[in-house]
Amino acid sequence: MSVVINTPASQIGRALATYLLDLGEPLTLISRSPDKVRPFVERGARLVEGNIDDPAVLDRAFEGATGVFWLTPPALRPDFHDWAVAAAERAAGAAARRGLARAVVLSSVGAHHGPGTGPVGSLLAVERAFEAALPDVTSLRPGFFMENIFRDLPAIAAKGAVFSPVPAAKRFPWVATRDIGLRAGQLFADRSWRGHRALGVHGPADLSWDEVAATLGRELGRPLRYVEVSVDEARKGLAASGAPPFVVDLYAEMFEAIRAGKLDPAEPRTDATTTATTLAEFARTVLAPALAVARHGSRRFLASLVTRPEATSEQIAAVLPDEHRRFGELSRDGVVAGLNLAVDRRRGWLVVRAQDAAAAEAAVKSLPLSRFWDVEIAELAPEV
C-alpha cells in the first residue's frame, strides 16, 4: 500500500502519517509548506509541493500510489461548498486515472443529510465523488473533535465558562483527532475490505456539554460552567470576533442543524466505531498545558531531566514516535522550547511556559518519555 495524504500538516494527517511511517508504508505528502512536513520527509516520505487545486500536483502525487486519504481543508471562502465538491471530484478523477483503487475520506456525523448542515453540508457530495471514481472507499464520519475546545480557551481562561448554542443536555460523540488518524491508518493497513461504506468514529463515549464541563473542570483543577446561548447570540459573538458574514451564516446553519438533530450520528456505536482517548485524558495531556499558556501572565520554567538508570534503550525507542508527536504539539502551542541534551544523552533541560510550577510539571509529564525521567522544575527569571 502506497498512500497519498492531502493534508499532512493537519492534526489528523500528522497522526496518520506517523502511523503509516511506523509501519514502514510508502507515503506521499501534498503540501504547500515543506517545513511543516519536514520530519516526515526526513523519515522517508515523498513530498509533492503544491496546491491540491492543481491538477498537475495531483497527477504527480498519485503516480505509483494505491490509496489516498482525503480531508477537505476548512477553507474560509464564500464558495466553500462548491469548492469542496469540485476539489474532491478533481482529486477522485486524478486518482482513478492513475489507477488507485482505495480511498479513506474524512467526512462527519450528519453528512448523510447533505446540504443545510453548515460546513458538513458538502461532505456527502465529497463522499460520492470518490465512490463514483474508485472501487473501494471508506468514509469516516467522526463526532465532535475534542480539539475544538481550543476555540474556547480564551473564555475558559478569562471566565471559567464555555458558551455555545448546543443544548446543554444533548449527548454527542466526542473523539480525539489523533484517534481518527489512527483509525484511518488501520484501514489502510487492512487489505481485506472492499466496496463503499460509511464508518463512524465515535470516541469512547457520548457526552453532553454539562458532562464535558464537569470533566474539564475536574481535570483542569478549576470550576467550569457550560452556558447555553441562542443561535442569534452565537452569530453576534462570531461577528464580534471578526468572522466575515458568510462564515457567520455557515456556522449558524450548523448550530441550527445540531439543535434539529441533523448532526446526530447515522452510524450506531459499536466496538468498531469506539476509539480509545477519553476526554479526561485529553484534558490532562493536551488541554491543560495549552490553557496554561492561554492564561494571562504565563511564566518560564526550566525542567531538568535525568533518565532513570533502569530505563533501557529499547523502552525509550518504543515510545519515540509518540514522543516526537507530542513534543511537536507542545512546541506548536508554545508550551515547550529549548530542549538540550547532555553528551551522554541521559540528561536534558527543557524550557516550559506555564502559569505555575505544577502546570509546567504537568506539561513535561504529558510527554511519553516522562515515565523514564526524574524531573525537577525551577522558575527562570522573567524575560526582558
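In this predicted model, Ala234 is buried, because its relative accessible area is 12%, and the cut-off for burial is under 20%. Ala234 belongs to helix H9, which covers residues 231-240. Leaving out residues up to four places away in sequence, Ala234 touches Pro165, Val229 and Phe255.

With a relative accessibility of 10%, Ser366 counts as buried, since the limit is under 20%. Once its neighbours within four places in sequence are set aside, the contacts of Ser366 are Thr285, Arg326 and Leu330.

The largest nonpolar core has 70 residues, and the members that touch the most other members are Phe62, Val68, Trp70, Phe130, Trp174, Leu216 and Leu279. Another core lies apart from that one; it has 25 residues, including Ala45, Leu140, Ile180 and Val201. Not counting residues up to four places away in sequence, Trp70 touches Asn6, Ile52, Leu58, Ala87, Ala88, Ala91, Val104, Val105, Leu106, Val126 and Phe130.

Some of these names return in the packing of helices H4 and H5. Helix H4 spans residues 80-97 and helix H5 spans residues 123-133; their axes come within 9 Å and cross at roughly 15°. H4 is therefore roughly parallel to H5, as angles under 35 degrees count as roughly parallel. The crossing of the two helices is right-handed. On the H4 side, the contact involves Ala84, Val85, Ala88, Glu89, Ala91, Ala92, Gly93 and Ala96, which meet Ala125, Val126, Ala129, Phe130 and Ala133 of H5. Sorted by class, this contact of H4 with H5 contains eleven nonpolar residues, one polar residue and one charged residue.

Helix H1 (residues 11-22) packs against helix H12 (residues 313-332), with axes that come within 11 Å and cross at roughly 160°. H1 is therefore roughly antiparallel to H12, because angles over 145 degrees fall in that class. H1 passes H12 in a right-handed crossing. Here Gln11, Arg14, Thr18 and Asp22 of H1 meet Pro321, Glu329 and Arg332 of H12. The contact of H1 with H12 is made up of one nonpolar, two polar and four charged residues.

H1 also packs against helix H7 (residues 177-189), at an angle of about 45° and with the axes 7 Å apart. H1 and H7 are therefore oblique to each other. The crossing of H1 and H7 is right-handed. From H1, the contact draws on Gln11, Ile12, Ala15, Leu16, Tyr19 and Leu20, while H7 supplies Thr177, Arg178, Ile180, Gly181, Leu182, Ala184, Gly185, Gln186 and Phe188. By class, the contact of H1 with H7 holds nine nonpolar, five polar and one charged residues.

Technical notes:
Residues numbered from 1 in each chain as written. Predicted model: local features only at pLDDT ≥ 70, side-chain atom pairs only at ≥ 80, totals over all residues. Heavy atoms only, no water. Core = buried A, V, L, I, M, F, W, Y, C linked by side-chain atoms within 4.5 Å. Buried < 20%, exposed > 50% of the residue type's maximum accessible area, 1.4 Å probe, protein only. Contact = heavy atoms within 4.5 Å. Axes fitted to C-alpha atoms, helices over the stretch in contact; angles between N-to-C directions. Helix = DSSP H or I, 4+ residues; strand = E, 2+ residues; numbered from the N terminus. Parallel < 35°, antiparallel > 145°, perpendicular 65-115°, else oblique. Left-handed = near helix turned anticlockwise from the far one by under 90°. Nonpolar A, V, L, I, M, F, W, Y, C, P; charged D, E, K, R; others polar.
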